[in-house]
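The sequence and structure are shown first.

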Amino acid sequence: MIEKIYNRLFIPIVIIIVGLFLYWGNSNLTGYQIRILNLIGIYIGIALGLNLVNGLTGQFSLGVAGFMAIGAYTTAILTMSPQIKQMVYFIDPLISPLDRIQWGFLPALLMAGLLSGFAALLIGWPAFKFRDDYLAVTTLGFAEILRVIFTNTRSITNGALGLKAIPETTNLAWTWGFAIICVLLMIRLKNSNFGRSIIAIRENEVAAEAMGIPLFYYKNLAHVIAGAMAGVGGGLLGNLITTIDPNMFRFPLTFTVLLMVVIGGMGSITGTVIGATLVASSLEILRRIEEPIHILNLTIPGIPGMRMVIFAGTLVIVILFYRTGIMGEKEFSRKAVWNKLNKIFKQSSPDGGENNAS
Amino acid sequence: MSLELFFQNLINGLTLGSLYALIAVGYTMVYGILRLINFAHGEVFMFSTYFAFFGIMIFTLPWYISFIIAIILTSMLGVTIEKVAYRPLRKTPKVYVLISAIGVSFFLQNLGLVLFGGRPRAFPRPEFIRTTMTIAGIRVSAVFIVILIIVIPILIGLLFFLYKTKLGLAMRAASWNYDVSRLMGIDIDRVISLTFIIGSALAAVGGIMWAQRFPEINPIMGLFPGMKAFICAVFGGIGNIGGAMLGGICLGLAEIMLVAFLPGLSGYRDAFAFIMLITILLVKPTGLLGEKTVVKA
């Protein structure tokens, strides 16, 4: 009984602690630090989506940047005011219905999720129909081609100039609200019928199909959810940094998210959250090595592009030597913490098992 | 469109297609045996052009020696990638090998950016490549003819190797059934190394020829040719070498003809390969020459 109440309370308590920290941070941290916190929140949501496809379903999607681009452009176009749109689209005016409408941030984000989820369906459908490893190529191709298309469709996306003066509506409440909703959604999904089915697909596809799991449907569903999450994340990102252009959504972005999932431990929700936090902060910390460093009178020139070399090297090393990542398949849950504490105090508890958050 | 212009575009398309074919063969051979999309293949292609470039510019070697050294170095790079990043993961779930492949690809690409700089460099071409010839009244640049003269015998030679020699037989056996071919006494590690040597050498030839055709090289030049070549391999039927060649020629011709006949769409040229991929996956997912396979546990 007590056990049950503890379990019920565990997640709300964690959320309240995170909320209190953010509330404190909002007034006590510098703008730069808040910016990093915002990015971490966005990346947690997006990385959890990728974890659903790559970690839990065992498929390999490389389209994150493409879905983020769709989300970012949708949200930006829907939230910009008609006057600003006229100013931004000075070469080719925006096509007719879009140039007059202005939506609120929430409906715009939902639309972003809807559109990118739909794009994920269109891309996943042909790939899953035959061999799933084609998903990697169709999604990668899709993300790169989308950039070509967005550069050419000037009357919708403003071409290579990109969009400027997007309203800065994203704040800590939005980004971390998104992150927390994604975490809760993932916990629910992972412990549902759907979650167990996709894990079965990852472990053994043929056996899963023999058990009556509809492979095609579940793979597509996982891919669509991930696409929608990346879309909403992209929308938040666009309205956080207020300028977007097609070249922002290139492969390094996808790679960063992939690294988050792999470092944290593929399949683990907690791992992905830790991975997203680590990678998103080191993305900023490592910026230093790309800029010239001044020590006394000595100037060491920075090495542009070195960040991504380090990231790529890290990914290969993690995959080769520490395939399980930080968390492996484990989760941070009340039971796991409890068992750890019990072990430390030599009081072994009867209910072992440190799996799933409950 | 005049007949002359049509023939010029035809030769142009065939040239581009034969280059795609060269790269696609590397993808399809690796996929055939390891069931792995070797994402790093595009970067191997990119490095070959830089090897040749530095051979000529820094070590001031004559172009033909520089090209041979570049091909050897590229083959070594390909084998090293396989030994370091793919072989230790052969027994793990496929998604790990794919991540390793994309990691190596991205690592090489960014290493290229750091080592060579992001600025595109002009590739020094031999004098005779730059001349223009007249064949049967059609003026064509020598580079097209040279590429066709070099690439087509290589592709035919490869088919001869695969279908008429013992090693080629071993390779086809390994791609037909990995485990059974091991039971038959085929040294699978050797076959895989050989696959990577041949694939990378072909990518190097493709890269060097690419640099003759488009004499500007940069560290991210491997991305689109690599991706398109993989699409060619899927289009022709992955695992099937003849199919990869056919797919390459088809895409090369289609891209050039698209721009020639519908110049309004030239901005979408790179998107065409992708549309081709989605179409073939929906209509005939095994590819033009591929056979239906059954996935076994």
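Among contacts in chain B between residues at least 6 apart in sequence, 75% link residues that lie at least 24 apart. The model is a predicted one. Its chain B contains eleven helices and four strands. For 297 residues, a compact globule would have a radius of gyration near 19 Å, and the value for chain B, 19 Å, agrees with this.

| Property of chain B | Value |
|---|---|
| Box filled by the C-alpha atoms, along the principal axes | roughly 60 × 45 × 35 Å |
| Residues that count as buried | 56% of 297 residues |
| Accessible surface | about 12,600 Å² |
| Share of accessible surface on carbon and sulfur atoms | 70% |

**Interface with chain A**

Chain A contributes 48 residues to the contact and chain B contributes 47 residues. Between them the two chains bury about 4,100 Å², with 81% of this area on carbon and sulfur atoms. On the side of chain A, the residues that lose the most area to chain B are A:D133, A:Y134 and A:V137, which together account for 14% of what that side buries.

**Nonpolar surface patch**

B:W63, B:Y64, B:I65, B:I68, B:I69, B:I72, B:L73, B:M76 and B:F128 form a nonpolar surface patch of about 820 Å². One of these residues, B:I69, belongs to helix α3 of chain B, which spans residues 63-86. B:I69 counts as partly exposed because its relative accessibility is 37%, a value between the limits of 20% and 50%.

Methods:
Residues are numbered from 1 along each chain as its sequence is written. Chains are lettered from A and ligands numbered from 1 in the order in which they are written. This is a predicted model: local features need pLDDT of at least 70, side-chain atom pairs count only at pLDDT 80 or more; totals for chains, interfaces and linings use all residues. Side-chain values use heavy atoms; hydrogens and water are left out. Patches are made of residues with over 30% relative accessible area and no salt bridge: like charges are joined within 9 Å, nonpolar side chains (Val, Leu, Ile, Met, Phe, Trp, Tyr) within 5 Å. Accessible areas come from the Shrake-Rupley method with a 1.4 Å probe; for residues, only the protein chains shown count as cover. A salt bridge is a side-chain nitrogen of Lys or Arg within 4 Å of a carboxyl oxygen of Asp or Glu. Helices (H or I, at least four residues) and strands (E, at least two) are DSSP runs, numbered from the N terminus. Buried means under 20% relative accessible area, exposed over 50%, partly exposed in between (1.4 Å probe, protein chains only). The radius of gyration is taken over C-alpha atoms; the globule rule is 2.2 Å times the number of residues to the power 0.38. Contact means heavy atoms within 4.5 Å. Buried area is the accessible area (1.4 Å probe) that two parts lose on being put together, summed over both.
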